[in-house]
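Here is a briefing for a reader new to this structure. Look at the sequence and the 3D view, then go through the points below.

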Amino acid sequence: TTGTTLGQEGKSYKPAVARAVAFFDDRNIKTLTHDDVEGFFYHILDMGLSEKTAKNNVDTLKVFYNWLLKNRTIGHDEMPAWPTFDVEMAMRDIVDLETQQMILDEIRKAEDIKVWFACSLLARHPNVRPGELLQIERGDIDLELGKITIRPEIAKTKTKVVIYLFDDEVEFLAGLPVEFPRLRFFRHSTSRGGVKVGDVMGDKLFNRAWCRAAAKLGIEGVSLYSGTKHSTTSAVGEAEGRAAAKELTGHRTNSAFERYYRESRKGALRVLSARERLLANVVGIHGEAGGTSGTQRGHQKETPKNRT
């Protein structure tokens, strides 16, 4: 099968297809039954994977069968009866803000400076996603107005997203070499591990860097997404309320944002500064992007109380 066949990104469907091929082996696709599919689900659980992953794999199999039906490879009577699964979503692991900052500091010491900056942006600006950052070009960064624009064609929501930069972030970007506007911003600035200076960064690089830094600090089970966006949103929501957290993530529509940009940026940074204030109460903040000092670290499981 191909990516267009299943209508999903390769990174999503390929593991599911590989598991199905290994499990069903040389079975004829026209002979699978309800019990076979159910057995596939529990086989994935036996592999140590989550219920969510198991259900997603079954859903991928169902997409494949719908494609076969659409192309008349099989008939309606040859479709297996699909079992239903009551899957309880696992809670994400989150970290407190001091721990989050310690991980960022470790990334800054060990990784490409732009990898650190990307992770710092994700922690301080929960309205942006890693995949969106990878797609921005140098021309999307406006230092005079203090913003990065995620264009609709690269935004997951297909609508423009604006990252309002703190002054120290503007200063950091201003200190980088001038580049052509159409160049991808997140490119390697050093050569290492088979990559050359100027190569575009890959879609797993940020998460790997985050996990390496967390492991050095003895922190496990916290991905880039949950350790940055989700941890920041949870901390701000618990301290300043759900409305502040919602505003922090950018889940709103405001057509006046660009029209009254300077005033809007001031308001947006007031809300974004909630993370900085909370962090400063514990360890104090240096005058650089996301820089702090501190010795303690904490790791917590998200609960209904602190989930936003």
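The sulfur of C119 lies 9.7 Å from the closest cysteine sulfur, that of C211, which is too far for a bond. A disulfide is a pair of cysteine sulfur atoms within 2.5 Å, and the structure holds 0 of them. The model is predicted: local features need pLDDT of at least 70, side-chain atom pairs count only at pLDDT 80 or more, and totals for chains, interfaces and linings use all residues. Residues are numbered from 1 along each chain as its sequence is written, and side-chain values use heavy atoms, with hydrogens and water left out.

**Cysteines**
- C119 is buried, at a relative accessible area of 0%.
- C211 is partly exposed, at 34%.
- Buried means under 20% relative accessible area, exposed over 50%, and partly exposed in between (1.4 Å probe, protein chains only).

**Sheet**
- An open sheet is formed by 3 strands in the order β2-β3-β4, with antiparallel pairing.
- Strands are DSSP runs of E with at least two residues, helices are runs of H or I with at least four, and both are numbered from the N terminus.
- Two strands pair if DSSP finds at least two bridges between them.
- The edge strands, β2 (141-142) and β4 (161-164), each pair on one side only.
- Strand β3 (residues 147-150) is joined to β4 by 4 bridges, and the two run antiparallel.
- I148 stands opposite I163 in β4.

**Helix contact**
- The axes of α3 and α4 come within 8 Å and cross at roughly 145 degrees.
- Axes are lines fitted to C-alpha atoms, for helices over the stretch in contact, and angles run from 0 to 180 degrees between N-to-C directions.
- In α3, V37, F40, F41, I44 and L45 meet E51, A54, K55, N57, V58 and L61 in α4.
- Contact means heavy atoms within 4.5 Å.
- By class, this contact of α3 with α4 has 8 nonpolar, 1 polar and 2 charged residues.
- Ala, Val, Leu, Ile, Met, Phe, Trp, Tyr, Cys and Pro count as nonpolar, Asp, Glu, Lys and Arg as charged, and the others, Gly among them, as polar.

**Positive phi**
- Most residues other than glycine have a negative phi.
- D25 is not a glycine, yet has a positive phi of about 55 degrees.
- D25 sits in the loop between α2 (10-24) and α3 (34-46), and is exposed at 62% relative accessibility.
- R72 also is not a glycine, and its phi is positive, near 60 degrees.
- R72 sits in the loop between α4 (51-70) and β1 (93-95), and is exposed at 76% relative accessibility.
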